[in-house]
Amino acid sequence: MKAGEDLNTLTKADEWFKDPNIFTNIIAGLIVSIALIPEAVSFSIVAGLDPMTGLYTPIIMTIAIAFAGGRPAMISGTTAAMALVVVDIVKYHGAEYLFAATILMGIIQMILGYLKIGRLLRFIPNSVMIGFMNSLAILLFITQLKNIIGISNATYFYVTFTFLIILFAPRFFTTIPAPLVGLVIMSLVYFFFGGKVMTVSDLGTIKSQLPVLHIPNIPFTLETFKIIFPYAVSMALVGLIQSLIVARILDNYTETNSNKNRESFGQGISNLFTGFFGGMAGCAVTGQSIINVQMGARARLSTFSAGISLIILVMMFGSIVNEIPMPVLTGLMVFVAYNTFDWRSFKYFKRAPKSDMITLSVTMLVSIITSNLALGAICGIVAAIITFAVKISHIDVTKRKTEVDHVTYHISGQLFFASIESMLEQLNYDDDESHVTLDFKHAHLWDSTSVSAIQTAILNLEKHDKTVKIINLNSNSTEMLERMTKIRVENSQSK
């Protein structure tokens, strides 16, 4: 695919087979499927679920999203974000309610995709995205502390060395994903030397069986809907935010443009299937998606290959996965948390505008205090809107005496509901001059409140026996002003 290419213009065949070649996409999918296993198992345990539930999610989602998604070569499956969101519904209501909430989540995402929610991604500030990912990293790390502290010395050993191997392995070779390297090496150490630690089989057995159609075993009542709906909304929003962020990352990496609305709809379809086949909610996976495109994958075939390969691996090697020591998976999760956190944030705090720092801080504080990533992101966006409104709400009014008994106010800025007070406060109604000109050459009217403010200014000036003239208002503002009032503008600017 060419740099700058719009993926929406590709034919169905090109989306699947065009670039770079069939073999590369299949091999990339195979490698990704191996990298999906340890995280799928780990995240399911974080959520309090059977490991098979975590494994079913990437199997179903990768196959479904290969057909329905808007970003070819992107991988979807079990993620830290979704594990943290679903942990409460599993804890308080059980897995069956999670399956139902996942189905409802899928429906909500499909509706949002139909409503073209993807185009709203451009309204999510970079500071909110950074705060979202940092909060995710911190919350994920916090959930792992119970699997590390106060268990055994062997636990500390396996967690530490798994983390270090994954951290430094890429310095020596990159052909095999670092998480897989750490998993294999430390599992072999355990097989040969042992240690007082738990294994995956202590929490749930990996079975060599495929997912089957499963209707959630819950009462279909209004009360049930009231339980699952808040979770489904939160899951849908968090899943879409992360998926669209990953899509943007891959767009930048491949220098192509993908359909975010189609991706939103596709995530919904994928989660709908996931809920009906006994998987937990999922979304786009950052690490595996990047691995996929770094290995040269650009087509939907790579995503489909990952799903099929994962089925084969689970069917053939499920018994081996059962013996993986839990501290190794915990070390992997600690690394995921470390890798997810944007360490450049500290420099960002020093250099970014104060408004961005406020937005990032609000996003992180709300997310961490409430353990709700969706709420944190929403509050961050609201904070960004408020700080932006405050930033542009100041109006600069310069007073110049142009001739005898005549004064001109040069008004600069964006006139809207939040800035009108700034303008009105800077007009002097008690001057001796009886002729006042309001020059709006460097101003723009955005709403009816700004029109009302001009009317108020004129009225107050006229109450002090002054004649008022308005000049140099741009054509769009003039049209709105004259349409809503009887005020006439002199020397109106052309469009």
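Reply: What follows goes through the pocket and the cavities, and then turns to some features of the backbone. The model is predicted, and the mean pLDDT of the protein is 86, with 95% of its residues at 70 or more.

Where space is left between atoms can be found by rolling a probe the size of a water molecule over them.

The largest pocket holds about 1,400 Å³ of space. Its lining is made up of 46 residues, and those nearest the centre of the pocket are Thr286, Gly287, Ile290, Asn339 and Thr340. Helix α11 (residues 286–294) gives the largest share of this lining, with 6 residues. Sorted by class, the lining of the largest pocket has 29 nonpolar, 13 polar and 4 charged residues.

Next come the cavities. The structure has 3 of them with a volume of 30 Å³ or more. The largest cavity has a volume of about 60 Å³. Among the residues that line the largest cavity are Ile65, Ala66, Gly69, Gly70, Arg71 and Pro72, and also Glu263, Arg300 and Thr303. Two helices, α3 (51–68) and α12 (300–322), each give at least two residues to this lining. The classes here are 5 nonpolar, 4 polar and 3 charged residues.

The second largest cavity has a volume of about 50 Å³. It is lined by Ser42, Ile45, Val46, Gln144, Asn147, Met326, Leu329, Thr330 and Met333. Two or more of these residues come from each of α2 (22–46) and α13 (326–340). The largest share, 4 residues, belongs to α13. In the lining of the second largest cavity, 5 residues are nonpolar, 4 are polar and none is charged.

The backbone also has some points to look at. In general, most residues other than glycine have a negative phi. Ser371 is not a glycine, yet its phi is positive, at about 60 degrees. Ser371 sits in the loop between α15 (354–370) and α16 (373–392). With a relative accessible area of 44%, Ser371 is partly exposed.

Asn472 also has a positive phi of about 60 degrees, and it is not a glycine either. Asn472 lies in the loop between β8 (467–471) and α19 (475–484). Asn472 counts as buried because its relative accessibility is 18%, and the cut-off for buried is under 20%.

At the β5 end, β5 pairs with strand β6 (residues 406–415) in the antiparallel sense, over 7 bridges. Within this pairing, Lys401 has Val407 of β6 as its bridge partner.

How values were computed. Residues numbered from 1 in each chain as written. Predicted model: local features only at pLDDT ≥ 70, side-chain atom pairs only at ≥ 80, totals over all residues. Heavy atoms only, no water. 1 Å grid on protein atoms, 1.4 Å probe; cavity = no way out; pocket = protein on both sides within 12 Å on 5 of 7 lines; lining within 4 Å. Points joined across faces, edges and corners; volume = space filled by probe spheres on them. Nonpolar A, V, L, I, M, F, W, Y, C, P; charged D, E, K, R; others polar. pLDDT = per-residue confidence, 0-100. Buried < 20%, exposed > 50% of the residue type's maximum accessible area, 1.4 Å probe, protein only. Pairing = 2+ DSSP bridges.
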